[in-house]
Amino acid sequence: EGGLVGSRYYVDQLPEAERERVVANFNMDMIATAGPDQTTLFVNTLDGENLVAQAALFAADTLGYADLLNAPYQRGASDHVAFANADIAGANFIWRELETIDLEPWYHHPHDRMEHVSSERMRIALEIITAASAQVMCTDGSLR
C-alpha cells in the first residue's frame, strides 16, 4: 500500500498492445465498511467525469441507488491514479461520510477486522460495480 507502487508498476510494465486493450479500471477500496457515518459510496476519479464514473452513475440510477452515490468526486490518492495517468479511465469506489468525506476510524488500522464489515454495503457496492463494468464491456463506451 505504501506509495501505491504496485499499481504504478503494473501499469508501467504493460506492453503497449496490452495497455491499449484496457478500457477501464474499477478500484475497490473499503467497499464493505460498517462505519456508521460512511453511508455514501464515493466514486473518486482523478479527472472528474470519465467512463467509469458515468457507468457507475448509470448503474446506480438503474438499480435505485442513486441517492447513495457521490460521483464523480475528483480525488486521487489511490490505485486508480496510475491508470488515469496512462489515459485509462479509472475510479476508486469507497464508502465515506458525505459532508466531511471522513473514512471509518479503522481504515488502514490494526482494528480493521471482520466485525467492521457490512455485507449489505458490500452487496450494494458490488451490484453497482458489476452493472457498471458490464455496461462498459458490452458497449462501445457510450451509455444508453
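I began at Pro72, which is found in strand β3; helices (H or I, at least four residues) and strands (E, at least two) are DSSP runs, numbered from the N terminus. The model is predicted, so I kept in mind that local features need pLDDT of at least 70 and side-chain atom pairs count only at pLDDT 80 or more, while totals for chains, interfaces and linings use all residues. Residues are numbered from 1 along each chain as its sequence is written, and side-chain values use heavy atoms, with hydrogens and water left out.

Is the peptide bond from Ala71 to Pro72 cis or trans? I found it cis, with omega near -15 degrees.

Next I looked up positive phi values. Ala77 has one of about 65 degrees although it is not a glycine, and Ala77 lies in the loop between β3 and α4 (80-85). Ile101 is not a glycine either, and its phi is near 60 degrees; I located Ile101 in the loop between β4 and α5. I noted these because most residues other than glycine have a negative phi, and most peptide bonds are trans.

Are Ala77 and Ile101 buried or exposed? Ala77 counts as exposed because its relative accessibility is 64%, whereas Ile101 is buried because its relative accessible area is 18%. My cut-offs: buried means under 20% relative accessible area, exposed over 50%, and partly exposed in between (1.4 Å probe, protein chains only).

**Helix α3**

I checked the length of helix α3 (residues 51-63). At 1.5 Å a residue, its 13 residues should span 18 Å, and its end C-alpha atoms are 18 Å apart, so the two agree. The expected span is 1.5 Å times one less than the number of residues.

Just after α3, Gly64 takes a positive phi of about 85 degrees.

Which residues of α3 are buried? I listed Leu51, Val52, Ala53, Ala55, Ala56, Ala59 and Ala60. The buried residues of α3 pack against β1 (24-28), β2 (40-45), β3 (69-74), β4 (89-96) and α5; contact here means heavy atoms within 4.5 Å.

**Surface**

Last, I turned to Met122, which lies in helix α5 (residues 119-138). Met122 counts as partly exposed because its relative accessibility is 33%.
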